[in-house]
Number of protein chains: 2
Amino acid sequence: MQISWRRLLLGNPLPSEAYVHQRLNKVKALAVFSSDALSSVAYATEEILLVLVTVGLAALALSMPIALVITGLLAIVATSYYQTVHGYPSGGGAYIVAHENLGVWPGLIAAAALLIDYVLTVAVSITAGVVAVTSAVPMLFPLRVELGLLAIALITWGNLRGVRESGTLFAVPTYVFLGVFLTLLAVGFIRLLAGSLSPIAPPTLPMDTAGAAPLTLFLVLRAFASGCTAMTGVEAISNGVSAFEKPEAENAGKTLIIMAVLLGIMFLGITALARAIQVVPVEYESVVSQIGRAVFGSGPLYLALQAATALILVLAANTAFAGFPRLTSIMARDGYAPRQLANLGDRLVFSNGIGAVALLAALLIVLFGGRTHSLIPLYAVGVFLSFTLSQAGMVRHWHKTREGHWRTKAVINGLGAVATGLVLLVVIESKFTHGAWIILVLIPLLVAMFRAVKHHYLAMREQVTLGTVSTHLGVHWGVPQQYKVVIPLSSLNRASLAALRFACSISQDVTAVIVDVEPNSTASVQEDWWAWYAEIPLVVLKSPYRSVITPLLGYLEEVDRRDPERGLAVVILPEIVPARWWQHLLHNQTTFQLKAVLLFRQERRDEARIVINVPYHLRG
Amino acid sequence: MQISWRRLLLGNPLPSEAYVHQRLNKVKALAVFSSDALSSVAYATEEILLVLVTVGLAALALSMPIALVITGLLAIVATSYYQTVHGYPSGGGAYIVAHENLGVWPGLIAAAALLIDYVLTVAVSITAGVVAVTSAVPMLFPLRVELGLLAIALITWGNLRGVRESGTLFAVPTYVFLGVFLTLLAVGFIRLLAGSLSPIAPPTLPMDTAGAAPLTLFLVLRAFASGCTAMTGVEAISNGVSAFEKPEAENAGKTLIIMAVLLGIMFLGITALARAIQVVPVEYESVVSQIGRAVFGSGPLYLALQAATALILVLAANTAFAGFPRLTSIMARDGYAPRQLANLGDRLVFSNGIGAVALLAALLIVLFGGRTHSLIPLYAVGVFLSFTLSQAGMVRHWHKTREGHWRTKAVINGLGAVATGLVLLVVIESKFTHGAWIILVLIPLLVAMFRAVKHHYLAMREQVTLGTVSTHLGVHWGVPQQYKVVIPLSSLNRASLAALRFACSISQDVTAVIVDVEPNSTASVQEDWWAWYAEIPLVVLKSPYRSVITPLLGYLEEVDRRDPERGLAVVILPEIVPARWWQHLLHNQTTFQLKAVLLFRQERRDEARIVINVPYHLRG
């Protein structure tokens with residue numbers, strides 16, 4: 001029943017041999033890896049305007065120069081990443097590049113930044129997608145948190161089914177969005193040239209803060225930092241090169257350039273249109289929605305624009321759903337993350353990583369009440385930190401490999417590193433009090449966590465490895481050891497009988513122990529014992545405070561001290577197992593507690609207590 | 001560290017021999033068992049007035065006749081319970097009396113009603129106590145849920161420390177309350193006679209509903225049913241006879257009569273005073289607080305009254321904290337409740353029962369937002385149901401024992417049963433839609449639960465008893481059985497070496513098994529295996545879908561089928577145990593899952609799989 005539901009939802013399990021076929025062609029890869037970058041045109045312009053409008057309507061004119069600078073930066077970063085894709089054809093995310101070329105610390109810092117950003121990508125994209133919906137259908141505004149969680153559930157489902165099916169699932173909306181958005185720009189500019197598109201009326205609800213702040217360089221830089229969210233997601237392809245069809249680097253590089261060109265055109269276009277028709281940002285309707293209504297009217301084309309924007313934004317979260325698990329699996333293989341994250345699930349996806357990113361993003365959406373703007377300042381720090389580290393790493397890479405034209409390549413990557421490094425400083429400086437500090441606290445914590453995980457795995461390997469230990473079994477076949485066997489009992493029943501039988505078959509030194517909590521019950525067990533098992537000693541332990549575990553542990557220690565060379569006492573636990581789950585509540589959990597205590601107690605160095613469970617199953 | 005905190009909070013563990021000394025003298029017993037009954041004068045009059053005021057201010061005149069009828073009923077019930085205390089000197093709550101005399105079903109119904117009422121007592125008393133506080137300090141009104149939860153925490157703490165200390169802890173407030181309340185009545189009536197106390201001004205905030213409803217018999221009955229909450233808690237002493245000093249019945253009976261007389265005087269007195277000064281119930285101030293301010297002014301005596309009322313109400317919950325665990329422990333011994341509830345904790349109190357009533361009451365307070373009036377209709381049904389069953393049971397009891405004057409005694413208890421039975425019908429009829437239906441649904445559910453628990457324990461006893469089974473161990477000492485031993489491995493390390501050593505010492509038929517999830521790792525294990533343990537077979541299981549558990553279970557079934565007379569395969573699990581809790585997150589939980597699956601799977605009738613844990617402890 002459980003299995004068939006699972007199959008219905010997620011599809012049949014896929015055998016490991018199917019793995020190599022799960023690759024994406026360029027058309028699908030653009031959809032899967034570019035939705036994040038492309039969809040940011042839905043909110044990047046608005047973020048610039050939101051900062052500028054605090055100075056006054058006239059300051060909005062600065063949006064176009066700022067957008068041009070960002071587009072120039074995009075060209076530098078894209079070129080830089082194009083080289084990364086070719087330098088690391090097996091997949092070169094910021095973590096790998098920084099780790100290999102700059103060392104462990106920069107690598108882990110990049111990884112921490114990337115992981116935070118993947119989670120933020122999901123949260124920001126989905127909340128912005130929900131805004132696209134509520135711009136067109138205002139009555140859904142109060143449900144924005146619920147809509148966001150629903151979207152996360154749907155994307156998680158798609159991703160758990162497997163990466164190729166994700167490509168199919170997400171390709172159509174991406175291309176519909178591209179089509180509708182480019183149509184918007186074309187129609188908008190044609191109507192502008194034809195003079196049939198005039199500035200829209202100023203909003204009926206002017207912003208409270210409009211016109212309050214003076215125009216300072218700091219404010220312009222903050223507008224620039226906000227607009228830089230347009231560039232998020234550019235690195236996604238370089239992380240996922242290995243998911244492309246062969247030749248991977250070739251295909252990934254081409255896809256990256258196509259994506260960057262599309263992104264540049266759309267971002268510049270929408271910012272220019274916003275400027276031309278003098279859009280002012282308001283709380284209840286997005287800038288893109290305002291432009292859409294001015295250009296298309298409120299008809300079907302406008303609704304198509306909003307629907308496509310919502311879909312691409314919600315699907316943009318998919319970039320993170322592809323990137324987060326892939327990165328954690330690489331880190332897990334390097335020993336920096338729990339090794340469960342390295343396991344492919346039965347649909348050949350990293351199911352644990354997908355679940356982790358879904359949970360964290362859902363938490364963020366609930367905590368921030370589904371508001372995009374509150375999340376944006378947290379977003380940019382990680383993005384530009386990983387950009388900078390990745391490109392600085394590439395500079396070292398070319399210096400080490402010294403392949404043809406390595407000097408040119410190093411200069412290009414160096415330019416990228418310097419440019420994004422400067423942006424990083426701007427972002428930290430201008431957004432510090434708006435939330436950027438959270439990320440600066442979180443990154444060292446994550447790095448410390450990665451180190452602790454790695455340290456544990458290394459320490460474990462060292463401790464458990466056979467190495468110099470004698471691998472000889474040291475036993476004489478068929479001649480039993482003289483184990484000291486102890487059986488704790490509470491009454492004499494079929495479970496205890498089964499345990500006694502097993503005990504006597506593995507050792508001649510068997511002792512039963514009963515803790516005297518109920519004197520009547522103890523006396524009755526003793527009576528039966530003398531009648532049936534007089535040859536096996538029965539020890540009665542006093543328990544003035546009615547605890548069972550404490551006297552038993554004391555007794556075991558005593559037995560352990562006798563003949564230490566014979567090893568720790570072996571404990572055999574008779575255990576009555578109820579047939580239904582709720583019936584467990586009707587039994588003292590003493591056996592369960594005892595098992596846990598015995599498992600976690602280390603009595604002696606290099607020796608551990610063997611515990612044997614002899615269950616007895618109840619019917620119905 | 002953990003233990004010392006526990007001791008600091010709860011006191012040192014008490015040895016079982018100390019149990020008999022933990023008895024209460026009459027002075028302390030009155031405080032522990034009567035606070036519920038006495039404290040109900042703080043809200044019973046108000047509940048009557050709240051119903052009558054819906055007709056109009058003139059209808060409030062009916063409060064006095066209603067109070068007189070209730071006091072008459074109290075006299076009948078108290079006399080009836082006085083007989084119960086003597087008929088059942090070892091403690092005769094409604095459950096025991098109904099169970100012994102009327103049969104299993106009435107007994108369980110009474111038990112269900114009592115348990116519900118204990119929980120409601122805690123919730124009602126505490127919310128009313130919080131109202132006494134917020135009447136005097138209105139700024140605390142928004143914190144009423146938090147204050148209620150704090151009070152529950154404090155009472156739980158007191159009770160976990162032990163019943164004698166509870167008596168000491170609670171005696172002072174009870175007697176202070178008695179003193180202040182009787183002073184209020186005395187001063188009030190003296191000032192009335194002296195003519196210095198005049199009617200208080202009508203409230204500035206008249207009730208929305210005032211004067212809206214017509215005066216009907218149904219409404220008068222509802223006012224009566226509401227006022228009957230004054231009688232809750234009268235039965236507490238009969239449940240707790242065994243906690244009194246010897247002679248138990250004598251002392252308990254006297255305490256009961258003292259309590260009933262005090263309760264009658266206080267309830268009639270406060271109702272008469274309310275009538276004389278024409279108090280009208282309002283939402284933000286209790287009736288007792290209004291009277292207190294009229295009689296005492298707003299000075300220190302008024303504050304003392306409110307403080308004492310709050311304290312006694314909050315401590316009234318203590319009756320339930322004494323009664324609930326005592327009843328569940330009796331039921332647990334009879335097999336109707338989980339047997340953990342029968343265990344005395346290390347401070348000689350039924351710690352599990354105390355925890356249960358605390359949790360349930362806290363839940364109710366949160367669910368009902370700390371409002372007393374919403375809880376009252378739920379309250380009366382259970383109280384009068386258990387009154388009726390208990391007294392009907394006593395009639396049967398006298399018929400069976402036929403001790404001296406048994407006819408008189410039967411008539412008295414019969415009168416009590418009929419009177420409370422009629423009240424029960426009135427309560428159900430008049431409060432059905434106000435929440436009484438919830439209790440009528442809950443009681444059958446609880447009874448079904450008690451029966452299911454009992455059925456499970458009976459079925460278990462029958463299945464595990466040695467009875468006709470041969471108790472012969474059937475083993476030849478020191479000659480090992482030919483167990484089929486299977487060791488699942490994932491790598492070759494010190495843990496697996498320890499497991500192998502143990503396996504070879506108990507059987508000559510040992511097989512190691514590895515599930516091939518990572519081909520490279522499997523190959524390396526195989527290589528080492530041939531070098532070191534070639535004499536022990538190593539089976540490699542394919543796992544196309546990368547699951548570890550499923551192939552292992554399949555293999556075990558296959559081994560079980562071979563030579564069935566040699567029994568099920570014994571599984572030995574090597575287990576690496578990390579030193580810190582968080583490190584568990586870094587390990588695949590496969591061993592844990594496997595243990596759980598093996599424990600709960602029943603392979604064959606009357607035979608269960610033995611599982612042996614061989615732990616290996618990591619350092620630091």
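Predicted model: local features only at pLDDT ≥ 70, side-chain atom pairs only at ≥ 80, totals over all residues.
The contact between the two chains draws 86 residues from chain B and 86 residues from chain A. The area buried between chain B and chain A amounts to about 8,000 Å², and carbon and sulfur atoms contribute 61% of that area. On the side of chain B that touches chain A, the elements giving two or more residues are helix 17 (436-464), helix 18 (494-506), strand 4 (570-577), helix 21 (590-600) and strand 5 (611-617). The residues on this side of chain B comprise 47 nonpolar, 24 polar and 15 charged. Between chain B and chain A the count of salt bridges is 0, whereas 20 residue pairs are in polar contact, with both residues at pLDDT 80 or more.

Over all chains, the count of salt bridges comes to 16. In general terms, side chains of opposite charge can pair when their charged atoms come close. In chain B, one such pair is formed by Asp509(B) and Arg566(B), whose closest N and O atoms are 2.6 Å apart. Asp509(B) lies in strand 2 (residues 509-516) of chain B, while Arg566(B) lies in the loop between helix 20 (549-561) and strand 4 of chain B, so the pair ties together parts that are 57 residues apart in sequence. Asp509(B) is partly exposed, with a relative accessible area of 25%, and Arg566(B) is likewise partly exposed, with a value of 26%.

Another salt bridge of chain B joins the side chains of Asp560(B) and Arg609(B), with a distance of 2.9 Å from N to O. Because Asp560(B) belongs to helix 20 of chain B and Arg609(B) to the loop between helix 21 and strand 5 of chain B, this pair ties together parts that are 49 residues apart in sequence. Here Asp560(B) counts as buried, at 5% relative accessibility, and Arg609(B) is also buried, with a relative accessible area of 2%.

In chain A, salt bridges that share partners join Asp509(A), Asp563(A) and Arg566(A) into one network. Asp563(A) counts as partly exposed at 36% relative accessibility, as does Arg566(A) at 28%.

Helix 3 of chain B (residues 44-52) has 8 of its 9 residues buried, and it is therefore largely enclosed by the rest of the structure. The buried residues of helix 3 of chain B are Ala44(B), Thr45(B), Glu46(B), Glu47(B), Ile48(B), Leu49(B), Val51(B) and Leu52(B). Among the elements of chain B that cover these buried residues are helix 4 (63-87), helix 9 (217-227), helix 11 (248-276), helix 12 (287-296) and helix 15 (372-401).

How values were computed
Residues numbered from 1 in each chain as written. Chains lettered and ligands numbered in written order. Heavy atoms only, no water. Buried < 20%, exposed > 50% of the residue type's maximum accessible area, 1.4 Å probe, protein only. Helix = DSSP H or I, 4+ residues; strand = E, 2+ residues; numbered from the N terminus. Contact = heavy atoms within 4.5 Å. Buried area = accessible area lost by both parts, 1.4 Å probe. Salt bridge = Lys/Arg side-chain N within 4 Å of Asp/Glu carboxyl O. Polar contact = N/O pair within 3.5 Å; in protein donor to acceptor, adjacent residues only side chain to side chain. Nonpolar A, V, L, I, M, F, W, Y, C, P; charged D, E, K, R; others polar.
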